[in-house]
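This briefing is meant to be read beside the sequence and the coordinates, and it groups its points by topic.

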Amino acid sequence: MKKGKGITILCIVLACILGLGYYASIILSSTGRGENQNITLGLDLAGGVSITYQIVDEDATAEQISDTVYKLQRRVDDYSTEAQVAREGSDRITVAIPGVTDANDILEELGTPGSLAFQDPDGNVVLTGDDVETAAARYVTKDGRNQAIVELTFTDEAAETFAELTGSNIGKHIPIVYDGETISNPTVNEKISGGTASIDGMESYEAAETLASQIRIGSLSLELKELTSQVVGASLGQEAISTALTAAAIGLALIIVFLIAFYWIAGVATSLGLLVYATAVVAVIYLFEITLTLPGIAGIILGIGMAVDANVVINARIKEELALGKSTGAAIKTGYQKALSAIIDGNVTTLIAAAVLAVKGSGTVKGFAYTLAIGIILSMVTALVVTRYSMYAIHAIGFKDVKYYGAAKERKVVDFISKRYVFFVISVVLVVAGFAGEAINSAGGKGAFNYSLEFVGGTSTTVDLGKNYELSEIDSEIVPLINDALGTAEVQVQKIADTTQVIFKTRNLELSERETFAKIFEDNYSVENSAISYQNVSETISKEMTTDAIWAVVIAVILMLIYIWFRFSDFRFATSAVIALLHDILVVLTCYALVRISVGSTFIAVMLTILGYSINDTIVTFDRIRENLKSKSRVTESELKEIANKSITQTLSRSINTSVTTFVMVLLLYILGVASIREFALPLMVGVISGTYSSICIATELWFEMKIHQKASGSVKKGAKAKKMA
């Protein structure tokens, strides 16, 4: 690259940083302050609309109510992945949708849930709303112009019935009846197999959306009637946003200093790419209207630390090539080439997890998956494009001497493999300690884990304080009084907009505890009993949502296992990586059990983060083993041990450097963040440490152990007379 071109590229990169930075600053400065140009925030940061429905059916069973809550959760996911649905009392369901200030708009769009039926031409009900899986408005091109349609997908069980219904009524009408009213009367053109159908002839896209909405809401198990609707405030507020952003700014500055100090010119190029990444993430989340919650903000900040990883891998490779005597230009080119496979494999495995979570998950899981995918894609683009060309440009303008990059020093190979049984014992002790802690907690009546209100529900108490208090005042003055009087650590607070009413959510309160609660406000704020109302509320993370999340993780792990098996052509690599991943998840569970950290919505975010972080860390080491094995057609056990130890040692600095940058970001969140962020950061720090430990001390050691004990032909034999192995 010529000097002039190098200067041009650097000018373009700097312009991108300044432009994106200015754009991001405008977005962030208005976010959380109610201004127009801001990121859509979740209930915890911005509040939203809360709608309470009365269950019309008097004999509704617990199973029907649970099914309705779950289905309604899937429906409101269309408005926001951070929407919440919970059972309130014995015959009510509450829906909370973030980022909305007009309840009437939501009620009009959502519609009133009622009964839905697909009838044959004689008026007999053949299918009900329970048989509909999805309904959505779409545009299709027909006769050279766009036409609005409603696309329906039926459940697997209903697909065959629908095929029979359409097959026997070609040319006839099939009425779709909602609450006794025919909302659509489409004509059957042909037998429809496969469970997917479309309704055309819509007069507008808005009409298609209305019909799709009626079909979606009509597929609920029970009939619901709107009881109340109100706008609720944020449960955390501006302080949580500002402290998180402060942590991000300080962490980013520290990482840039570290990169430049450790990698010199390569560190400068990496820092430019990192700045583009950080500002681009904000812009993309805003443009794609991703709803952002506190775990989402923490996840983005964590992503800044993880985005360094690809660059660290590349920079380490460049230093190795310089140590071999190559010129800086050749070292940069070769370094990128050799790092490419590790970067692609590590990020693709994490993208697989994000894709599965986005498709199979619901609620916060889906929202986290979107944020995760954005971070992964942008980090790859910035590392392989922005940082790469920045490095070429800096090289072209005159920084060509090896001293500006630093050649890697020859490191003594550390014999990790010989200590593998010690590592295995340490891991077993940590995992067993977690199970023991869970058992002791359960036996003591405290529950295996300290489940938060999102998982177990509690009591929602609405208090009219007669005065408009700021959220910060409530947190600092009132919440401590409740904590002391009731001996509870978790109190969630929400203000009801344009009123002096405040909602306090706590664990389930007995009658005597409710009297104690009321006395707090009577003695300190002159609030009468008539101004206080109580309702038991169910969990906002339902069993069905938890099941969805578990299945999503299981499917993601299986797909990652298959991908690693395919890419490394060795099932032992895949198995070892998955075992190391499970190890890290169990170690984090040990932390939750022993420290009694609240298990709430952030718990899912922590586990999903560890899922991506751990597998990516392990892949880098396995990639180096794969490369070192290529130089030998057949190896003995001693040679295999040497390769394993050498590979771990070669990637050791990368593992440590990436872990340090990630850990610093999370530590700052813990130090500067509000209580909810600290509950996210503490187990995440444990996960980062465990992920680093497992990639260095567990994964490769497991692979080696399985390799030397394989029973197939040509297996390695222990001892001096070991056979050769392909």
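A residue is called exposed when its relative accessible area is over 50%, buried when that area is under 20%, and partly exposed in between. By this rule Trp 264, at 51% relative accessibility, counts as exposed. The structure is a predicted model, and its secondary structure comes to 22 helices and 17 strands.

**Overall make-up**

- Of the 726 residues in the protein, 54% are buried.

- Helix α8 covers residues 265-287, and its 23 residues reach 33 Å from the first C-alpha to the last, close to the 33 Å expected at 1.5 Å a residue.
- Because 19 of the 23 residues of α8 are buried, this helix is largely enclosed by the rest of the structure.
- Trp 264 is placed in the loop between α7 (238-263) and α8, and it has a positive phi of about 55° although it is not a glycine.
- After α8 comes Glu 289, whose phi is also positive, near 55°.

- Helix α3, residues 62-76, has 15 residues and a reach of 21 Å from its first C-alpha to its last, which is close to the 21 Å expected at 1.5 Å a residue.
- The buried residues of α3 include Ile 65, Val 69, Leu 72 and Val 76, and also Thr 68, Lys 71, Gln 73 and Arg 75.
- In helix α21 (residues 675-697) is found Ser 694, which is buried because its relative accessible area is 0%.
- Leaving aside neighbours within four places in sequence, Ser 694 is in contact with Ala 580, His 583, Asp 584, Ser 614 and Ala 699.

**Strand pairs and hairpins**

- Strands β2 (residues 84-88) and β3 (residues 92-98) are paired antiparallel over 5 bridges, with Gln 84 standing opposite Ala 96 in β3.
- The hairpin of β2 and β3 has 3 residues between its strands, and Gly 89 there takes a positive phi near 65°.
- Strands β14 (residues 492-495) and β15 (residues 501-506) run antiparallel and are joined by 4 bridges, and Gln 492 has Lys 505 in β15 as its bridge partner.
- The hairpin of β14 and β15 has 5 residues between its strands, and Asp 498 takes a positive phi near 60°.
- Strand β7 (residues 145-154) runs antiparallel to β10 and is joined to it by 4 bridges, with Val 150 having Ile 199 in β10 as its bridge partner.
- Strand β10, residues 196-199, has Ala 197 and Ile 199 on a covered face, whereas Thr 196 and Ser 198 make up an uncovered one.
- In a regular strand the side chains alternate between the two faces of the sheet.

**A loop residue with positive phi**

- Arg 596 is placed in the loop between α17 (571-595) and β17 (598-599), where it has a positive phi of about 60° although it is not a glycine.
- With a relative accessible area of 21%, Arg 596 is partly exposed.

**Cavities**

- A search of the whole structure finds 5 cavities of 30 Å³ or more, and the second largest cavity has a volume of about 70 Å³.
- Two or more residues of the lining of the second largest cavity come from each of α9 (294-323) and α18 (601-630), and the largest share, 4 residues, comes from α9.
- The residues that line the second largest cavity include Val 313, Ala 316, Arg 317 and Glu 320, and also Val 620, Asp 623 and Arg 624.
- By class, this lining has 4 nonpolar, 2 polar and 5 charged residues.

How values were computed: Residues numbered from 1 in each chain as written. Predicted model: local features only at pLDDT ≥ 70, side-chain atom pairs only at ≥ 80, totals over all residues. Heavy atoms only, no water. Expected span 1.5 Å × (residues − 1). Buried < 20%, exposed > 50% of the residue type's maximum accessible area, 1.4 Å probe, protein only. 1 Å grid on protein atoms, 1.4 Å probe; cavity = no way out; pocket = protein on both sides within 12 Å on 5 of 7 lines; lining within 4 Å. Points joined across faces, edges and corners; volume = space filled by probe spheres on them. Nonpolar A, V, L, I, M, F, W, Y, C, P; charged D, E, K, R; others polar. Contact = heavy atoms within 4.5 Å. Pairing = 2+ DSSP bridges.
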